[in-house]
Amino acid sequence: MGVRELKEQALDLYSRRKFAECARTYGKLLELEPRDPHLYVRHAEAWRRAGDRQKAISSYRTAAELLLQLGCEARARAALKVALELDPRDNEVARALERLSSANAARQAVHVPPAVPPPTTRIPEHKRDMVELHTRQANVPGRLALPPAPALPAAPLPSPAEVRRLSGNTIAMRAAPGTRWVVISSRTPLTAYEVDELERVMSREFTLEVTVTPEG
């Protein structure tokens, strides 16, 4: 029986929960491929499910050694942890896991590089004359006087609205110079006056009909 057939048989036995037979089948596979760490992990798992902890621990340790040789340290630590869970008093497994964890911690130690001063900013050749002029004007040794920032333009003041009386019953108004006029006319004379509170005027009743017609 070849490797492929044995793997299929082992998987079938494992799915049917025949763990001891599955472990022995993986043992036959390991005779054909003794350097495969994945087979050792499955071999160990089958013996663990079958209840033979010592055989499971032995296969987990072998799997960890082969994984380390392949550079798979994280998976090697995982195999050793499972082996230690099966027998916490196994000093050899505990020491192997401790050595592996210590070596990994040492490699991951953070190395803080020395502080590097910021590079000195070099002034372009075409700006040196201007910088030297402002430095002399500041009259402060060793201090660089930068040219003053340009003043922001003042915000324009809002233009007042315009209101003109065209006749006794017609007025024209616009929001600002350059905008369109609004002409307001009525059938009766209009009264124009100033008030401080518009609410008082709005509370009065008017019977005046007003027509608002924008100038065409």
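Arg 174 counts as buried in this predicted model, because its relative accessibility is 18% and the limit for a buried residue is 20%. Arg 174 belongs to strand 2, which covers residues 170–174. Apart from neighbours within four places in sequence, Arg 174 is in contact with Ala 161, Glu 162, Thr 179, Arg 180 and Trp 181.

Trp 181 is placed in the loop between strand 2 and strand 3, the latter spanning 182–186. Is Trp 181 buried or exposed? With a relative accessible area of 16%, Trp 181 is buried. Between Trp 181 and Val 163 there are 18 residues of separation in sequence, while their C-alpha atoms are 9.2 Å apart in space.

A contrasting case is found in another loop. Arg 17 lies between helix 1 (3–15) and helix 2 (19–32). Its relative accessible area is 56%, so Arg 17 counts as exposed, the limit for that class being over 50%. The backbone of Arg 17 also deserves attention: its phi is positive, at about 65°, although Arg 17 is not a glycine.

Helix 2 and helix 3 pack at an angle of about 155°, and their axes are 8 Å apart. Helix 2 is therefore roughly antiparallel to helix 3, since angles over 145 degrees are placed in that class. The crossing of these two helices is left-handed. On the side of helix 2, the residues that meet helix 3 include Phe 19, Cys 22, Tyr 26 and Leu 30. On the side of helix 3, the residues in this contact include Leu 39, Tyr 40, His 43 and Trp 47. The contact of helix 2 with helix 3 is made up of twelve nonpolar, two polar and three charged residues.

Helix 3 comprises residues 37–50 and helix 4 comprises residues 53–69; the angle between them is about 165°, and their axes are 8 Å apart. How are helix 3 and helix 4 directed relative to each other? They are roughly antiparallel, because their angle of about 165° lies over the limit of 145 degrees. Helix 3 passes helix 4 in a left-handed crossing. From helix 3, the residues involved include Tyr 40, His 43 and Trp 47, each of which also takes part in the contact with helix 2. From helix 4, the partners include Ala 56, Tyr 60, Ala 63 and Leu 67. The residues of this contact divide into ten nonpolar, three polar and three charged.

The protein as a whole may now be described. Its secondary structure comes to eight helices and four strands, and along the sequence these follow the pattern α-α-α-α-α-α-α-β-β-β-α-β. Of its 216 residues, 24% count as buried. Among contacts between residues at least 6 apart in sequence, 32% join residues at least 24 apart.

Finally, the confidence of the prediction should be considered. The mean pLDDT of the protein is 77, and 60% of its residues reach 70 or more. Over residues 203–210, pLDDT stays under 50, and the model has nine contacts beyond four places in sequence for this stretch. Where pLDDT is low, predicted coordinates should not be read in detail.

Technical notes. Residues numbered from 1 in each chain as written. Predicted model: local features only at pLDDT ≥ 70, side-chain atom pairs only at ≥ 80, totals over all residues. Heavy atoms only, no water. pLDDT = per-residue confidence, 0-100. Contact = heavy atoms within 4.5 Å. Axes fitted to C-alpha atoms, helices over the stretch in contact; angles between N-to-C directions. Parallel < 35°, antiparallel > 145°, perpendicular 65-115°, else oblique. Left-handed = near helix turned anticlockwise from the far one by under 90°. Nonpolar A, V, L, I, M, F, W, Y, C, P; charged D, E, K, R; others polar. Buried < 20%, exposed > 50% of the residue type's maximum accessible area, 1.4 Å probe, protein only.
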